[in-house]
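This report describes selected side-chain contacts and surface features of one protein model. Please consult the sequence and the structure shown here while reading.

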Amino acid sequence: MMHDFHYEEGELYCEQVRVSDIAERVGTPFYLYSYQTFTEHLLKLQKAFRAAKPLICFSMKANSNLAVLRALVGKGAGLDIVSGGELFRARKAGCAPSKIVYAGVGKTDAEIEAAIRTGILLFNVESIQELDRIGRLARKLNRKVKVSLRVNPNVDPDTHEHIATGGAESKFGLDFDTVRLIFMRQEKYPNLAISGIHVHIGSQIVKGTPFVKAFRKVLIFLTHLEQEGYRIQYLNLGGGLGIIYSDERPQTAEQFAKQVLPLFQKKKYKLILEPGRFIAGNSGVFVSRVIYIKPTKVKNFAIIDGGMNDLIRPALYDSFHDVWPLRQTRSGEKQTYDVVGPICESGDFLAKNRKIQKLQSGDLLAFASAGAYGFSMASNYNARPRPAEVMVRGGRFAIVRRREIYSDLVRGERIPSWVRYK
Ligand SMILES: *Cc1c(COP(=O)(O)O)cnc(C)c1O
């Protein structure tokens, strides 16, 4: 079972709840998450890797809703954070500091200090200046801080260029020579323990090959380091596992583990995994209502009340989200549509050239696999309040983030006295 969304007598259900009932209660648009799917995906990875007992840190930039985080943390997950804001959320969700790892190329002094004070497990360091900075702040706070060095293995992850991070041209990570140099000069950093290596080559990677290529390179490098007397404790293999959006056939957790685990069998590293999309992607849908049908001479547009500000992936990456009508029509008559939002941008589409059942104004649609990089990338563009988030567990549902209201849009804004009306 890939997820817990299914049809019963032509009606879309999330677990045991009819999605149209939620839409009636909550209004549209909204994100809908299945507790079961979220936790099941985590469990699949835990099971596949049980021999190694890795620390699985959910990459919370994929979905940082507190209820989602709590569900995963409750099942033993740690969290992979990329900002001070995510650290704040991670703590609010009740994640133990000893299960938090922190990546990202632009950590500020304030963010680093907050993470040191919190006592997170590891910083994943992406540059020499950052390493210096963490060392200096650790000294100032009189702490010994554990860091991993993020290595850029220079492999092609064979994915969309905006989500590839493991090539030499990317801003992420350090090349092998630099990493080695840092190990040789570690006495420069009395307040740091250089404890691990981190590698994350990109996202939505559907085959094992790029991972294996990258991990082999890292292993060879680690062997050389060990020969020179440098040892590490943690090996963070990053995230990036691809999921099914349309016709992809991604490796399963079991297949991934079978390819990866043998590489590290004889090593004693504590493995860390950072899946985001694999856990969250198929655990959520985005639900929206058709406002108008607009036929033109060349196309049929279905104009809906959700837009690129709510779900930007199609506009940003040209990505595919399957369209599931909440009620299937009996006739089965089909038509081809561009499903577009109300935003004043031509890039504002959620599905293009899609043959789906004949739609009418008022129909409800779910956009599949929107649980990762959905709400977490939403904005207020066009002064649109961000949508509600709802979670289902079994036969229950709850609003886990209320829909924004207009006053949320102007919160924090003020008009200075020297800006006057004539
Ligand atoms: C985004 C990110 C991840 C998660 O990527 P997914 O493709 O969602 O699994 C993991 N690690 C780091 C460092 C990231 O930036």
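## Side-chain contacts and surface features

D408 is buried, with a relative accessible area of 14%, where buried means under 20% relative accessible area, exposed over 50%, and partly exposed in between (1.4 Å probe, protein chains only). This residue is found in helix α12, and the side chain of D408 is joined to that of R402 by a polar contact of 2.8 Å. A polar contact is a pair of N or O atoms within 3.5 Å; within protein, one must be able to donate a hydrogen and the other to accept it, and residues adjacent in sequence count only if both atoms are side-chain atoms.

The model is predicted, so local features need pLDDT of at least 70 and side-chain atom pairs count only at pLDDT 80 or more, whereas totals for chains, interfaces and linings use all residues. Residues are numbered from 1 along each chain as its sequence is written, and side-chain values use heavy atoms, with hydrogens and water left out. Helices (H or I, at least four residues) and strands (E, at least two) are DSSP runs, numbered from the N terminus.

### Salt bridges

Side chains of opposite charge can pair when their charged atoms come close. The structure holds 16 salt bridges, each defined as a side-chain nitrogen of Lys or Arg within 4 Å of a carboxyl oxygen of Asp or Glu. Among them are the following pairs.

| Salt bridge | Closest N and O atoms |
|---|---|
| E113 and K140 | 2.5 Å |
| D338 and K299 | 2.7 Å |

In the salt bridge between E113 and K140, E113 lies in helix α5 (residues 109-118) and K140 in helix α6 (residues 128-140), so the pair ties together parts that are 27 residues apart in sequence. E113 counts as buried because its relative accessibility is 16%, whereas K140, at 57%, counts as exposed.

E226 is buried at 18% relative accessibility, while K267 is partly exposed, with a relative accessible area of 26%.

The salt bridge between D338 and K299 links distant parts of the chain, 39 residues apart, with D338 in strand β16 (residues 334-340) and K299 in the loop between β13 (284-295) and β14 (300-304). D338 counts as buried at 4% relative accessibility, and K299 counts as partly exposed at 34%. Elsewhere, salt bridges that share partners join E113, R117 and K140 into one network.

### Cysteines

A disulfide is a covalent bond between the sulfur atoms of two cysteines. With a disulfide taken as a pair of cysteine sulfur atoms within 2.5 Å, the count comes to 0 disulfides. The sulfur of C95 has its closest cysteine sulfur in C57, at 7.2 Å, which is too far for a bond. C95 is buried, with a relative accessible area of 0%, whereas C344, at 66% relative accessibility, counts as exposed.

### A nonpolar surface patch

On the surface, I415, W418, V419 and Y421 form a nonpolar patch that has about 610 Å² of accessible area together. Patches are made of residues with over 30% relative accessible area and no salt bridge, like charges being joined within 9 Å and nonpolar side chains (Val, Leu, Ile, Met, Phe, Trp, Tyr) within 5 Å. Accessible areas come from the Shrake-Rupley method with a 1.4 Å probe, and for residues, only the protein chains shown count as cover. W418 lies in the segment after α12 (406-409) and counts as exposed at 68% relative accessibility.
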